[in-house]
Amino acid sequence: MTDPDHILNISNLSKNFGGLSAINNCSLKIKRGSITGIIGPNGSGKSTLFNLIAGSLKPNKGSVVFNNEDITGQPSYNLFSKGILRTFQIAHEFKNLTVLENLMMVPPNQIGENILSALFMRKKFKLQEDKIRLKAYKVIEFLNLKHLANEIAGNLSGGQKKLLELGRTMMVDSKLVLLDEVGAGVNRTLLKGLGTAIQRLNKEKGYTFCMIEHDMDFISRMCDSIIVLSEGSVLFQGTSEEVKNNELVIESYLGRSNKKN
Ligand SMILES: Nc1ncnc2c1ncn2[C@@H]1O[C@H](COP(=O)(O)OP(=O)(O)OP(=O)(O)O)[C@@H](O)[C@H]1O
Ligand SMILES: [Mg+2]
């Protein structure tokens, strides 16, 4: 059955690590075009859920439907080419390459990856490289990183690395972007820039975002809907106001002091 309103539909998903049930019969839906937040205590399964959606892990049970297609257990490179991109809790930059080169590494199926095409299709390869470089410059401009285009990525601050992670998602035709604690350890000024970039990508390019965060202020400002995970399944889903006032969420995650925020 097709469901045009939701880009992602997860049903009864489970993932065990030995005796530990990291994701436990979890069902949820992500609205197309939304910015949806995922919160929950440490170890509640947030990153594991992303790993299952993006193909880094295979579930023991359940299904993941993306754009009305069952993608359960597909490898990450397949999902990447369908437009599911993710950033990692710990940034995955190529430390010895520049910001520009890091972005240029992203696009899949580059001509020239294979030695024969590199030899016989030099001109075509050069044209494609120019196109990718131009695109990378556009991404750098969008993210206000122009002054850092030729900086070695290993020298960037934590926040700048997070921006670069977001930039990777802009090098291809992304549809669903999963951000794992993209705001963690990022200073106030950069966090604002990161937030603006996410909102612009959502509005101007139609990306659907799903973001794991611990910062309730940031997530309240950014998200239309927030999903609260607890022990591997959904405890509650609602607006930030509904989440902050829900007794179950307060007991299991936010604590009493957050209730009036
Ligand atoms: N590859 C793995 N092998 C074994 N156990 C794992 C693995 N990945 C995660 N776990 C366990 O699964 C549970 C959920 O972990 P996960 O990283 O998904 O939590 P999280 O909600 O992202 O936590 P945090 O807020 O600390 O990032 C934890 O108990 C964790 O130790
Ligand atoms: Mg995590």
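Guide: Two strands pair if DSSP finds at least two bridges between them. Strands here are DSSP runs of E with at least two residues, helices are runs of H or I with at least four, and both are numbered from the N terminus. This is a predicted model, in which local features need pLDDT of at least 70, side-chain atom pairs count only at pLDDT 80 or more, and totals for chains, interfaces and linings use all residues. Residues are numbered from 1 along each chain as its sequence is written, and chains are lettered from A and ligands numbered from 1 in the order in which they are written.

Visitor: What makes strand E9 and E10 a pair?

Guide: Five bridges join E9 (residues 225-230) to E10, and at least two are required, so the two strands pair. They run antiparallel. Leu229 has Val234 in E10 as its bridge partner.

Visitor: Why do E6 and E10 stand at the edges?

Guide: The open sheet has six strands in the order E6-E7-E8-E3-E9-E10, with mixed pairing. Strand E6 (84-87) and strand E10 (233-238) each have a single partner strand, so one side of each lacks a neighbour in the sheet.

Visitor: Why is H6 called roughly parallel to H7?

Guide: The axes of H6 (residues 158-169) and H7 (residues 188-205) cross at roughly 10° and come within 10 Å. Axes are lines fitted to C-alpha atoms, for helices over the stretch in contact, and angles run from 0 to 180 degrees between N-to-C directions. Angles under 35 degrees count as roughly parallel, over 145 as roughly antiparallel, 65 to 115 as roughly perpendicular and the rest as oblique. H6 is therefore roughly parallel to H7.
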